Amino acid sequence: MMTKQETPAPRDVTARKGTRIPDAPTNRRMALKMGVAALGAAWMGGVGAASRLGGHETNVTNAPVTNIASPEDRVPFFGKHQSGVINLRPANGMIASFSVLAETPDALERLFRRLTERAIFLTHGGTPPEYDPRLPPADSGILGPHIPPDALTITVSLGNSLFEDRPWLKPHKPRRLIRMTRFPNDALDAALCHGDLNLQICANTQDTTQHALRDILKNLADQLVLRWMQEGNVPVIQPGPDGLAESARNLLGFRDGSANPDAGDEALMNHLVWVGPERNEPAWALGGSYQAVRIIRNFVERWDRAPLWEQEAFIGRTKVTGAPLDKPYAKESDVPDYTRDPEGEKTPLDSHIRLANDRTPETQDNIILRRPFNYFNGVAKNGQLDQGLLFICYQADLEKGFITVQRRLDGEPLEEYLKPVGGGYFFTLPGVAHEGDYFGSALIAAVRAPAH
Amino acid sequence: MNIKHLIPTMALLAGSVASGVALAQSAPLDLVGPVAEYKIYVSENVDQLARETAKFVAAVKAGDVARAKALYAPTRVYYERVEPIAELFSDLDAAIDSRADDYEGAEKDPEFPGFHRIEYSLWEKNSASDVKQVADKLLADVKELQARIGKLTFPPEVVVGGAAVLMEEVAATKISGEENRYSKVDLWDFKANTDGSYKIVELVRPLIEKKEAKFLAEVDKNFKTVYDILKLYETNGGKGYVSYEKLTDKDRTVMAAAINKLAEDLSTLRGKLGLK
Ligand code: HEM
Ligand SMILES: [Cu+2]
């Protein structure tokens, strides 16, 4: 139940997956969710067997597998880090960005505490109180009288403006947090950018993410004003015949996330994703992460009219399997060898993946953890489909991570098919350590500490 | 959490008198006084609406665009204050106060009537020549509204519920600046809706003052937030408001939060008074 979540040991499926439900079928389900490769292993020896797998089974971007998700899936809430970052991405997610009303440390604490209270209730699941029928009900009721956890995570991140607009908070701003600036291919819509605070809400079903959002809007109406939101989802796939975990496809039809760093590798996550003591950040920020959000429209009609060879050349991987172009018969988890292809004859030098990660020792600190969702926003004014990628990534250093990688991607041929229209930079708070603790408690304590 | 003051119904369902009483104490009878007073308030406003609309319509028909523009916002105030009652007559509400969005053909839709149709011509075309018939019809509809309200028995739940309805109105159409999109006089409407809501709270306050002190303090705090900000945007010695576009993002956010919270809190007002 609401046990304190230790930092997951590498390859501990349950800790990382977070769905700690005692009965055997559920164990199997959890293992399945880690990737179909775990299937046989889980049957044979339960979760421990998962360690036999390669690194890929703990890729956050693995596609959810058909018929595996359960409303009873519960992702532990308490821990050193927030959930919703390195645990497997469920089928639905959204970013909702807010203006915050909190002009004093007390008011901010009040907001954080109430947010924590709602997040604990919603991620754990339960039965909302019943009121006299002459009153509005406590709950929207869209999930019925009992609210299942449904793998819900609610991840709280703070924007630059929250700090900048409050003199008492400004000195405590994470060092690399800035207001997102325009990149050359951007066409940013002010109504879809930035925010004081955002919630990343993820769950097995859209009903659950929407339910959580409505609950929070209702209960925190006086302190959170919704500015923009973008929902997305991830295709749920059939287990592959080879039993291997696959990355979900994005709306360009390519597997997205193949080369993501292994979220089960604790040391790697501590290095790439979580803010550690070596980062020289304010002490309260330890265990947090920088979050970059980008709403990137894909011009899908045009993409569908591009020759396959060009699509593959622009991305740098094969479309059907996701294999690297220099090893077309390999698996998507295989990595390209650019040292043998210095001229880019196999994988063009300006392909998306080669620009994003040239796989040299010098750029290994620029690796980011991507956790995106596909979005479908209906039709644009010109009659074309308004679809794209709700790109979300996490890194311990915003400048070394997203900003550097995006700068390398600036001008990439793929841009012809992409148009970033919104998003922002945020700092994902450290986790809520235990019951009684609350989001941002260390920040509030730092604000209150006498200056020296 | 702001819902602490609500009484869980479990006890009520289990037949506990104590808990049931907590909500039902103010039997609808108590409301006879407030409802009668509210009826006077509404009648006064509707009478005033009819008088001012006549002047506004006269200006439109005389082709006096400047005067019509000047009268537009102050005339509407009387409507916006009593919108929960006016809305009971949905045909008239549509005829008087619907917006271009309510019609497929938007501004060009021949069915688009009322204040906002005239507003469109006055501000977008700087002309009153194509809305003279619309103006005649508006005046007739306002008089019809006056007549119908005169005959109306005010249902207490509508009166009390009106406090929240007005906040919903602000939250849905005023905060975005969509209601008076051509003239940008939304702050007038904003104030009028808020006044109308506050009036209702004032009328029922004595009935719940003791039991709901905390609730009322929170409600008062949020009304004050809204009024304080509105004050910053007054012009003409408090007789008017600047363009809605002048409202800063920050102030809009603060108002939005206060309005949303008022809408949440006031949505419980009927229940607190034992009404359905
Ligand atoms: C709609 C926009 C985008 C699309 C459709 C897209 C698509 C892809 C695809 C298909 C891959 C190959 C599979 C994989 O390893 O995941 C990939 C890899 C990658 N993308 Fe993107 N991407 C988009 C935006 C971005 C952005 C904004 C960034 C960061 C600034 C980014 C960074 C990366 C990185 C780091 C890799 C892995 C490269 C490697 O390590 O080999 N992508 N992307
Ligand atoms: Cu109105």
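A: The charged end of R89(A) sits over the ring of F373(A), at 5.9 Å from its centre, where a charge counts as sitting over a ring if NZ of Lys or CZ of Arg is within 6 Å of the ring centre and within 35 degrees of the ring normal. R302(A) is placed likewise over the ring of Y417(A), its charged end being 5.6 Å from the ring centre. The model is predicted, so local features need pLDDT of at least 70 and side-chain atom pairs count only at pLDDT 80 or more, while totals for chains, interfaces and linings use all residues. Side-chain values use heavy atoms, with hydrogens and water left out; residues are numbered from 1 along each chain as its sequence is written, and chains are lettered from A in the order in which they are written.

Rings of Phe, Tyr and Trp (for Trp, its six-membered ring) pair if their centres lie within 6.5 Å, and planes under 30 degrees apart count as stacked, over 60 as edge-to-face and the rest as tilted. By this rule there are 23 aromatic pairs over all chains. In one of them, F163(A) and W284(A) are stacked, because their ring centres are 6.2 Å apart and their planes are at 20°. Both residues are buried (under 20% relative accessible area, with a 1.4 Å probe and protein chains only), F163(A) having a value of 0% and W284(A) one of 5%. Ring pairs also link F163(A) and W284(A) with Y290(A) and F427(A) into a cluster.

Conventions. Buried < 20%, exposed > 50% of the residue type's maximum accessible area, 1.4 Å probe, protein only.
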